[in-house]
Each structure stands twice: as C-alpha cells, then as structure tokens.
Amino acid sequence: MSEDCCEVVITAAEAEWLAGFTRRLVADRLAACGHLVPAIRSVYRWQGAIEDEPEARVALHTRAALVPEIAARADAEHPYEVPCVLALPVTGGNPAYLDWVRAETRAP
C-alpha cells in the first residue's frame, strides 16, 4: 500500500532557509527525509508581472495524512506570502522504502 505516502514539494528563495525548514520537519517527524535541490529557476506570474527568479526546491517524503500540518507550518514559517506546497501522490515504489517512510514519520 503506497497511497498513504506522498512527496511534498516546497520551494524557497534561500537554499539554507529551506534546508533548516526541512531539518525541523524531519526532527518533528512530519517528513522522513527531504531531497534538496539548491538551485532551480522559477518562472511565474505574481501580481500581474512575469517573474524569473532563482529558488531552491525540496522533495519531502511523508505520509499523505501529514500534508495539512506541513502546509500549516509552511504558512506560519515561510518567508513567502504564498509558499509553494504541493503534495504529489505516490502510486508505487520500493515496499521497504515506503515502510521506512512510515516508520520515520509520526502516525496521523
């Protein structure tokens, strides 16, 4: 059963801020791990203008039931007015890895 696990993508302007946020989520057992990409380029529309900015991205592996708490933490702690927090479903994977994700995150 993999449907109870998901990947949560979060972006931020500063890779070090995002790494610290990820460490706090892992310490609080909201995510089993986070794979941080320190340099991406984001092109988006914000307040009527097209923006083209460097950002960092993390892919968190967690339980789907923990996504609301992760999103609430991002809303409270993230420097952006509207932080990117996207939960992507996991439809399969290594059963042992998915068991590890469940074991390293708290039960909902």
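I began at T11 and listed its contacts, skipping residues up to four places away in sequence: T11 touches I40, E55, A56, R57, H78, Y80 and C84. I keep in mind that this is a predicted model.

**Entry 1: T11**

Where does T11 sit? I found T11 in strand 1, which covers residues 5-12. Is T11 buried or exposed? Its relative accessible area is 9%. The cut-off for buried is under 20%, so T11 counts as buried. I also checked T11 against T22. The two are 11 residues apart in sequence, and their C-alpha atoms are 11 Å apart in space.

In what order do they lie? Four strands form an open sheet in the order 2-3-1-4, with antiparallel pairing. Strand 2 (33-46) and strand 4 are the edge strands, and each pairs on one side only.

How many bridges join strand 2 to strand 3? I noted 12, and the two strands run antiparallel. I picked out one of the bridge pairs: S42 has E53 in strand 3 as its partner.

**Entry 2: H61**

I moved to H61. It lies in strand 3, residues 49-63. H61 is buried, at a relative accessible area of 14%. Which side chain does the side chain of H61 meet in a polar contact? It is the side chain of E7, at 3.0 Å. I listed the contacts of H61 too, leaving aside neighbours within four places in sequence. Among them are C6, E7, A31, H35, Y97 and V101.

**Entry 3: helices on the sheet**

Helix 1 lies across strand 1, strand 2 and strand 3, and runs at about 20° to strand 3. Helix 3 lies across strand 1, strand 2 and strand 3 as well, but runs at about 95° to strand 3.

Then I took helix 2, residues 67-77. Which of its residues are buried? I wrote down V67, I70, R73 and A74. Seen down the helix axis, these buried residues fall within an arc of 125°, so they line one face of helix 2. On the other side of helix 2, I found P68, D75 and A76 exposed. What do the buried residues of helix 2 pack against? They pack against strand 1, helix 1 (15-27), strand 3 and strand 4 (85-89).

**Entry 4: aromatic pairs**

How many aromatic pairs does the structure hold? I counted two. W17 and F21 are separated by about one helical turn because they are four residues apart in helix 1. W17 is partly exposed, at 22% relative accessibility. F21 is buried, with a relative accessible area of 0%.

The other pair is Y97 and W100. Why is it called tilted? The ring centres are 5.4 Å apart and the planes stand at 35°. Stacked needs planes under 30 degrees apart and edge-to-face needs over 60, so this pair is tilted. Y97 and W100 are three residues apart in helix 3 (residues 95-104), so about one helical turn separates them. Y97 is partly exposed, at 30% relative accessible area. W100 is partly exposed too, at 34%.

Methods. Residues numbered from 1 in each chain as written. Predicted model: local features only at pLDDT ≥ 70, side-chain atom pairs only at ≥ 80, totals over all residues. Heavy atoms only, no water. Buried < 20%, exposed > 50% of the residue type's maximum accessible area, 1.4 Å probe, protein only. Contact = heavy atoms within 4.5 Å. Polar contact = N/O pair within 3.5 Å; in protein donor to acceptor, adjacent residues only side chain to side chain. Arc of directions from axis to C-beta. Phe/Tyr/Trp six-rings, centres within 6.5 Å; stacked < 30°, edge-to-face > 60°. Pairing = 2+ DSSP bridges. Axes fitted to C-alpha atoms, helices over the stretch in contact; angles between N-to-C directions.
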